[in-house]
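Open the model in your viewer and keep the sequence panel beside it. The stops below tell you what to select and what you will find there.

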Amino acid sequence: MLPSETYFTGTQINYYIVCPTKLWLFTHNISMEKENENVEIGKFIHETSYLRERRDVIIDNKIGIDFIRKGDKLIICEVKKSEKIEKAHRYQLYYYLYYLKKIKGIENVEGMILYPKYKKIEKISVDEKSIDEIENILKEIEKVISMPEMPKPIKKPYCRRCAYFEFCWV
Ligand code: SF4
């Protein structure tokens, strides 16, 4: 098991996959999210979807689950507005499952990413490979955020939609 200070938030896992510059800026409390229209649209979809489920479950101030379904298994669900950074959504959920299994000892748990706009659902479960990947990502996040300066921005297709666009490129 990794040292406890190595466990980051789900947002940090997501941002590491999206862009290490974004991860560094966010972790160093440089936030432009409130001003970004895309973030507002995401919040609106989140707030107006799946209203009958048990919503917004926060665990250890590390992971914030949009909602949970209980049946034979515990299903943790994330609602996303766009498929554009699908990989980041997937790893964020891998991390939640990893955290619940490894740190909280909760077995029999799976994940679902829901894209209400596209009527699409992706099911996620963790295996040995994804556990190794998550542990490597946690170590890499530690390296990125301990850098004295932000990693140099590298242009990506989604930079224009990023809350930090003006910070990086204007
Ligand atoms: S604008 Fe692009 S380079 Fe800058 S933080 Fe956002 S995704 Fe990263």
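## Stop one: a buried tyrosine

Select Tyr96. Its relative accessible area is 2%, so Tyr96 counts as buried, the limit being under 20%. Bear in mind that this is a predicted model.

Tyr96 sits in helix H4. Now show what surrounds Tyr96. Beyond its neighbours within four places in sequence, Tyr96 is in contact with Gly10, Ile63, Gly64, Ile65, Ile76 and Glu78.

## Stop two: H1 against H4

Select residues 10-18, helix H1, together with residues 86-103, helix H4. At what angle do H1 and H4 pack? The angle is about 145°, and the axes lie 8 Å apart. The crossing of H1 past H4 is right-handed.

Show side chains next. From H1, the contact uses Gly10, Thr11, Ile13, Asn14, Ile17 and Val18. From H4 come Lys87, Ala88, His89, Tyr91, Gln92, Tyr95 and Tyr96. Colour by class: the contact of H1 with H4 holds 7 nonpolar, 5 polar and 1 charged residues.

As you look along the side chains, recall the helix repeat. An α-helix has 3.6 residues a turn, so residues three or four places apart point the same way.

## Stop three: helix H2

Move on to residues 20-27, helix H2. Which residues of H2 are buried? They are Thr21, Lys22, Leu23, Trp24 and Leu25. Bring up their cover, which includes H1, helix H5 (128-145) and helix H6 (165-169).

Then step just past the end of H2 to Asn29. Check the backbone: Asn29 has a positive phi of about 60°.

## Stop four: the cavity

Finish inside the protein. How many cavities of 30 Å³ or more are there? The count is 1. The volume of this largest cavity is about 100 Å³.

Select Cys19, Cys159, Cys162, Tyr164 and Cys168. These lie nearest the centre of the largest cavity, among 15 lining residues. H2 and H6 each contribute at least two residues to that lining. Colour the lining by class: 12 residues are nonpolar, 1 is polar and 2 are charged.

Note on methods: Residues numbered from 1 in each chain as written. Predicted model: local features only at pLDDT ≥ 70, side-chain atom pairs only at ≥ 80, totals over all residues. Heavy atoms only, no water. Axes fitted to C-alpha atoms, helices over the stretch in contact; angles between N-to-C directions. Helix = DSSP H or I, 4+ residues; strand = E, 2+ residues; numbered from the N terminus. Left-handed = near helix turned anticlockwise from the far one by under 90°. Contact = heavy atoms within 4.5 Å. Nonpolar A, V, L, I, M, F, W, Y, C, P; charged D, E, K, R; others polar. Buried < 20%, exposed > 50% of the residue type's maximum accessible area, 1.4 Å probe, protein only. 1 Å grid on protein atoms, 1.4 Å probe; cavity = no way out; pocket = protein on both sides within 12 Å on 5 of 7 lines; lining within 4 Å. Points joined across faces, edges and corners; volume = space filled by probe spheres on them.
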